Amino acid sequence: MAFEMAHRLSRVEESRTLAITARAKKMQASGLDVVSLSAGEPDFPTPEHAKEAAIQAIRDTFTHYTAASGTIELRRAVAEKFRRDNGLFYTTDEILISAGGKHSIANVLFALLGPGDEAIIPSPYWVSYPEMVKLADAEPVLVHAGADQDYKITPEQLRAAITPRTRLFILNSPSNPTGMVYSEAEQRALAEVLIEHPAIFILSDEIYEHILYGDERHFSIARIPELRERTVTMNGVSKAYAMTGWRIGFIGGPRALVDAAAKVQSQTTSNPSSIAQVAAEAALSGSQAPVEEMRQAFAERRDLVVSELNRMPGICCVHPGGAFYAFPDVSAHYGKRTPSGKLISTSAQMSEYLLDEHHLAVVPGEAFGAPDNLRLSYAASTAELTEALRRLRAGLEALE
């Protein structure tokens, strides 16, 4: 009998970011010199105090199940983090610990969305938002903002996208893939629209909150009193603490919705790793100096990458205010051909050309709803970034 997938999977695409990263690693394993700027992963080590806490947890045989929602110690640390960093006050019963930020988001979507529901997603967007909405049997509604708007939607655009079926608005600041940051004033302007529609919940993805540059300041939309009981704030230790492999994410929000998300988790994964939870508690509660050291390094790399991109003919790159991504517009090179005669008319074709012929891995903008762009992660060493930029320039100059 032929295998037939569940209908929900027929609507969902594979993560292009993970696919390109995997292909780059396969090429590297075969002996090819590939520079990869595809993965959104800090190249720094996990802070020592977090690693030591995990080692001690193993020695103490803290290796069994924990509460499905996470240890009380980590939930207390998360509550304190929200108070300290965001001015948000959650009890431990309003916090859920999950196996990474993506898992946190999925729990919320599966708890909240169903057939006929709509989720508004500003575009460009992180690759997984619309696909996870589809997995929840709901419909993603994409609202596009171009470079002329600094890739940020306006209150008027948000209002126009709302329908009687709108159930959720997803906000990501700082943004993956653009690095743009919604200011407090911009978030309050969006909030004025959302306050008019009390049936709409907000998912605020703040995973890059500590990676900000210049005068940018982080603001959590849940601080607006009228939205507190309708907002789930998502964060984790992956980006700020270079702990992507530890897989710890968390949410804070209204008790009823957190309980619903916890119910989903209890019947799918149960608790995240006990060892990783101890490491995350140490990261959040211990010295924050490594976070600032990484932020300063990312700031220097951002300046290098963006300035070099904007020196390349036909490239335009908006200056990102946070995260560790550059999002250049390369569409001026569409219509040209590679030395082997292949026509370049999409960013997917551009990224394939750069990987195949120049051994440079970047992510095409189609994955983020922006077909004119490429995403370059500058979470890599200065030497790697310099070589990547050299290869990108060479690849563009070779087009005819």
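Me: Hi! How many cavities of 30 Å³ or more does a search of the whole structure find?

Reply: Hello! The search finds two of them. Keep in mind that this is a predicted model.

Me: OK. What's the volume of the largest cavity?

Reply: It comes out at about 120 Å³. There are 16 residues in its lining, and those closest to the centre are Pro122, Pro124, Asn172, Ser175 and Tyr182.

Me: Which elements give two or more residues to that lining?

Reply: Those are strands E3 and E5. E5 has the largest share, with three residues.

Me: And how does that lining divide into nonpolar, polar and charged?

Reply: You get 11 nonpolar residues, four polar ones and one charged.

Me: What about the second largest cavity, how much space lies in there?

Reply: About 50 Å³. Its lining includes Lys81, Arg84 and Asp85, along with Asn235 and Gly236. Helix H4 (72-86) and strand E7 each supply at least two of the lining residues, and the largest share, three residues, is from H4.

Me: Which classes do the residues in that one fall into?

Reply: Five are nonpolar, three are polar and four are charged.

Me: You mentioned E7. Is that strand mostly covered or mostly open?

Reply: Mostly covered: E7 spans residues 231-236, and six of its six residues are buried.

Me: Which way do its residues point?

Reply: Thr231, Thr233 and Asn235 point one way, while Val232, Met234 and Gly236 point the other way.

Me: Which strands does E7 pair with, and in what sense?

Reply: With strand E6 (residues 201-205) the pairing is parallel, over four bridges, and Ile202 sits opposite Thr231 there. With strand E8 (residues 249-252) the pairing is antiparallel, also over four bridges, and Thr233 is opposite Gly252.

Me: What else joins E8?

Reply: Strand E2 does, running antiparallel to E8 with four bridges between them.

Me: How do the residues of E2 point, and are they buried or exposed?

Reply: E2 covers residues 95-98. Ile95 and Ile97 point one way, Leu96 and Ser98 point the other way, and all are buried.

Me: Which helices supply at least two residues of its lining?

Reply: Helix H2 (16-29), helix H5 (101-112) and helix H6 (128-135) each do. H2 has the largest share, at four residues. By class, the pocket lining has 11 nonpolar, 11 polar and seven charged residues.

Me: Tell me more about H6. How many of its residues are buried?

Reply: Seven of its eight. They are Ser128, Tyr129, Pro130, Glu131, Met132, Val133 and Lys134.

Me: What do those buried residues pack against?

Reply: They pack against H5 and strands E3 (118-123), E4 (139-144), E5 (166-172) and E6. H6 is followed by Asp137, which has a positive phi, near 65°.

Me: New topic: Arg391. Where is it, and why does it count as buried?

Reply: Arg391 lies in helix H13 (residues 382-397). It counts as buried because its relative accessibility is 7%, and the cut-off for buried is under 20%.

Me: What does its side chain reach?

Reply: The side chain of Arg391 reaches the backbone oxygen of His359 at 2.9 Å. There is also a polar contact of 2.8 Å between the side chains of Arg391 and Glu387.

Me: Which residues does Arg391 touch, leaving out those up to four places away in sequence?

Reply: Arg391 touches Asp33, Val34, Val35, His358, His359 and Leu360.

Me: Last one: what's the strand order in the open sheet of three strands?

Reply: The order is E9-E14-E13, with antiparallel pairing. The edge strands are E9 (325-326) and E13 (363-364), each pairing on one side only. Two bridges join E9 to E14 (residues 374-377), and Tyr325 stands opposite Ser377.

Notes:
Residues are numbered from 1 along each chain as its sequence is written. This is a predicted model: local features need pLDDT of at least 70, side-chain atom pairs count only at pLDDT 80 or more; totals for chains, interfaces and linings use all residues. Side-chain values use heavy atoms; hydrogens and water are left out. Buried means under 20% relative accessible area, exposed over 50%, partly exposed in between (1.4 Å probe, protein chains only). Two strands pair if DSSP finds at least two bridges between them. Ala, Val, Leu, Ile, Met, Phe, Trp, Tyr, Cys and Pro count as nonpolar, Asp, Glu, Lys and Arg as charged, and the others, Gly among them, as polar. Contact means heavy atoms within 4.5 Å. A polar contact is a pair of N or O atoms within 3.5 Å; within protein, one must be able to donate a hydrogen and the other to accept it, and residues adjacent in sequence count only if both atoms are side-chain atoms. On a 1 Å grid over the protein atoms alone, a cavity is a set of points where a 1.4 Å probe fits but cannot get out, and a pocket is an open set with protein on both sides within 12 Å along at least five of seven lines; lining residues have an atom within 4 Å of a point. Grid points are joined across faces, edges and corners, and a volume is the space filled by probe spheres set on the points.
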